[in-house]
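I set down here what I looked up in this entry, in the order in which I consulted it.

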Amino acid sequence: MNSLKRIALFASAMTVLASLAACGDKAQELAGQPRQDAAPYTGTGVQVFTTSDWKTGDKNSWAQQLKTRAQYGQNDHSRSN
Amino acid sequence: MARMKFICDAERCIECNGCVTACKNEHEVPWGVNRRRVVTLNDGVPGEKSISVACMHCSDAPCMAVCPVNCFYRTEEGVVLHDKDVCIGCGYCSYACPFGAPQFPSAGTFGVRGKMDKCTFCAGGPEANGSQAEFEKYGRNRLAEGKLPACAEMCSTKALLAGDGDVVADIFRNRVVQRGKGAEVWGWGTAYGSKADSKGAKS
């Protein structure tokens, strides 16, 4: 009877230990968000390769430059008519 | 600024692979990696269609959803980019992508699968814009130079369009309306003869 009690006590102690094991785990969340990129309208700082029709740092002029470039370079209907 | 998008006009693509070559040259993409490919349906059969395919910079990108190390990010212009310093080359993005965009260079000493490489919409990566580090990892950053992706700008038939989604959609819509369909298409009569010509030939 006494040995049965011991076994039961041991089993319950093990259960408590097992259920508390997770409390010691280190957090496994991702370390953080990936590095963010600088906005393209801030330019590359290399003037030789940069088109001259927009102002570095000006988002609107950059967007307009891309729109103009898309129309001129890719819209052959507007170029031929 | 709307979102940056690619559209490929299957009626115009002639499978010249100029876009593939332009991309490889512009970014010095390693051997065995193709950020852009031309896919042909019914190859060799009259009426075959080709389209140029790369990363479509999805609005709800599956690669971003499955990446276990969260290396992907989306720029304000809607371009999906990734950080090669964080990528572990597991290949989950490759399984998730419906376009087969993620590529894995196998040029390592032991032929191991390297860090994932894909189309950047010529927008570089998280390194400083225009830096040597950015070029070596991700290629040229043409967007920051005020230019559009090299593949589209190089396309000889202007089948591949790239840029602000609203602009390229307008160009494509206008093109489709103007060219019509079937016998209305420019060159149809030269290729197949007009009705009047065929009647004349019979009589």
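Which residues does Cys151(B) touch, not counting residues up to four places away in sequence? I worked from a predicted model. I found Cys19(B), Ala22(B), Cys23(B), Arg36(B), Ser52(B) and Leu160(B) as the partners of Cys151(B).

I then turned to the largest nonpolar core, which holds 43 residues. Phe121(B), Cys151(B), Ala152(B), Leu160(B) and Ala162(B) are the members that touch the most others. I noted that at least two residues of this core come from each of several elements of chain B, among them strand S1 (4-8), helix H1 (18-27) and helix H5 (150-154), and also from H2 of chain A.

Next I examined chain B as a whole. I counted eight helices and six strands, in the order β-α-β-β-α-β-β-α-α-α-β-α-α-α along the sequence. Its C-alpha atoms fill a box of roughly 75 × 40 × 30 Å along the principal axes. Of its 203 residues, 36% count as buried. Among its contacts between residues at least 6 apart in sequence, I recorded that 53% join residues at least 24 apart.

For the contact between the chains, I listed 31 residues from chain A and 36 residues from chain B. On the side of chain A, helix H2 (59-74) and helix H3 (76-80) each give two or more residues, and H2(A) has the largest share with 10 residues. I classed this side as 12 nonpolar, 13 polar and six charged residues.

Finally, I checked confidence. Chain A has a mean pLDDT of 84, with 86% of its residues at 70 or more. Among its elements, H2(A) has the highest mean pLDDT (93) and H3(A) the lowest (77).

Conventions. Residues numbered from 1 in each chain as written. Chains lettered and ligands numbered in written order. Predicted model: local features only at pLDDT ≥ 70, side-chain atom pairs only at ≥ 80, totals over all residues. Contact = placed C-beta atoms within 7 Å. Helix = DSSP H or I, 4+ residues; strand = E, 2+ residues; numbered from the N terminus. Nonpolar A, V, L, I, M, F, W, Y, C, P; charged D, E, K, R; others polar. pLDDT = per-residue confidence, 0-100. Core = buried A, V, L, I, M, F, W, Y, C linked by C-beta atoms within 7 Å. Buried ≥ 20, exposed ≤ 12 C-beta atoms within 10 Å, placed from the backbone.
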